[in-house]
Amino acid sequence: MKKRTLIQAAAAAAAFLAFASPAMAQDFPPAKPVTLVVGFAAGGAADAAARLIAKKLGENIGQSVVVENKGGAGGNIAHQQVAAGVADGTVLLLGSVGPLTIAPHLMKLAYDPFKDLAPISGGVYFPNVLVVHKGAGAKTLAEFVQLSKKKPGSVDFASTGAGSASHLAGELFNQRAGIDMVHVPYKGGAPALQDLLGERVTSYFAAPPTAMPHVETGKLIPLATTGLTRPAYLPNIPTVAESGFPGFEALNWYSFMASGKTPAPLLDRWNVEIVKVLNDPGVKDALNKHGLSPHPTTRTEFATFMKKEYDQWGAIVKERKITAQ
């Protein structure tokens, strides 16, 4: 009887280990340094957020978290690298709106954002701010729309490139406002801002940290921000949604992802650690000073948000006949 009990117990233990092996295959924290891949060059908003979060994350788990900047193709190269890379929890990705939810509608990618990458948590979000130069002839969003309707095709807007978040924000506003601003793509935010300041382009859906110093000196006029609510650091600028276009939302965002083959228990554990960092008062304060709002989520919540963004931008790409150019 005792022998039979021992055999049954051994069998049960073996079954448990077989079932649990994916979860136990990788210790946490990992025995080797963790890499956080960022699809943009050092010095920008993505890099700033990644380094702030990676530092605290490393302190919390007792292991180095190294930021690797892998720029190129609007962030697609970094996303492809992680999608095809190791799935042992030692490589994370700071995912972004373009490669995850816009680029798939514009070009054939070497990865599927919904199959080859797995969501861990939301990261940081920030709205654009629609700014015009002081000679544009509009000081409110309503005046800007009137100007666009009065002279169809004469009002243009800059973006950081075809298919970028700033481009799609402008196209979404074209759709919602019933206007036809002309898109002027640039190779990044710096040249777009330079031409706006030189009054060679009328408007720009700009990142707040880029635009606000010029708003403060009176060189640019802010008309509206593109989130559903006013960010804490821009309390005096109305949103597009409250300025006559309810529900309008066009966010820039970064999230935390990993290879789609990463075991679910590891993804769950990383979610716990990343959410803890994003809720840390010191981290939140530092991110807010960069104009970035932390948005920790569950894995399911972010997957739902990502699908909503994918559908919204897919509809705009189709309706506005947007191409990668």
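1. The model is predicted.

2. Pro 127 has Leu 251 of strand 10 opposite it.

3. Helix 10 (residues 281–289) has Asp 280 as the cap of its N-terminal end, with a side-chain oxygen 3.0 Å from the backbone nitrogen of Gly 282. After helix 10 comes Gly 291, which has a positive phi, near 75°.

4. A further open sheet has 5 strands, ordered 7-6-8-5-9, again with mixed pairing. Strand 7 (182–185) and strand 9 (220–225) stand at its edges; since each has a single partner strand, one side of each is left without a neighbour in the sheet. On average, and with direction ignored, neighbouring strands of this sheet are turned by 30° against each other.

5. In the 5-stranded sheet, strand 6 and strand 7 pair in the parallel sense over 4 bridges. Ser 159 has Pro 185, in strand 7, as its bridge partner. Helix 7 (residues 189–197) packs on the sheet and touches strand 5 (129–133), strand 6, strand 8 (203–206) and strand 9. The direction of helix 7 makes about 145° with that of strand 8.

6. Is Ser 164 buried or exposed? Its relative accessibility is 15%, so Ser 164 counts as buried, the cut-off being under 20%. The side chain of Ser 164 makes a polar contact of 3.2 Å with that of Thr 160, and the Ser 164 side chain also reaches the backbone oxygen of Gly 161 at 2.7 Å. With neighbours within four places in sequence left aside, Ser 164 is in contact with Ile 102 and Ser 159.

7. Which members of the largest nonpolar core touch the most other members? Among its 50 residues, these are Phe 144 and Phe 173. Beyond its neighbours within four places in sequence, Phe 144 has contacts that include Leu 130, Val 132, Val 155, Phe 173, Met 181 and Leu 223. Another core, of 31 residues, lies apart from the largest one; Leu 36, Trp 270, Ile 274 and Val 283 are among its members. In soluble globular proteins, nonpolar side chains tend to be buried together.

8. Some totals complete the description. The chain has 325 residues, of which 49% are buried, and contains 11 helices and 11 strands. Its C-alpha trace spans about 90 × 40 × 35 Å along the principal axes. Of the contacts between residues at least 6 apart in sequence, 77% join residues at least 24 apart. The accessible surface of the chain is about 14900 Å², with 57% belonging to carbon and sulfur atoms.

Conventions:
Residues are numbered from 1 along each chain as its sequence is written. This is a predicted model: local features need pLDDT of at least 70, side-chain atom pairs count only at pLDDT 80 or more; totals for chains, interfaces and linings use all residues. Side-chain values use heavy atoms; hydrogens and water are left out. A nonpolar core is a set of buried Ala, Val, Leu, Ile, Met, Phe, Trp, Tyr and Cys residues joined through side-chain atoms within 4.5 Å. Buried means under 20% relative accessible area, exposed over 50%, partly exposed in between (1.4 Å probe, protein chains only). Contact means heavy atoms within 4.5 Å. Two strands pair if DSSP finds at least two bridges between them. Helices (H or I, at least four residues) and strands (E, at least two) are DSSP runs, numbered from the N terminus. A polar contact is a pair of N or O atoms within 3.5 Å; within protein, one must be able to donate a hydrogen and the other to accept it, and residues adjacent in sequence count only if both atoms are side-chain atoms. Accessible areas come from the Shrake-Rupley method with a 1.4 Å probe; for residues, only the protein chains shown count as cover. Axes are lines fitted to C-alpha atoms, for helices over the stretch in contact, and angles run from 0 to 180 degrees between N-to-C directions.
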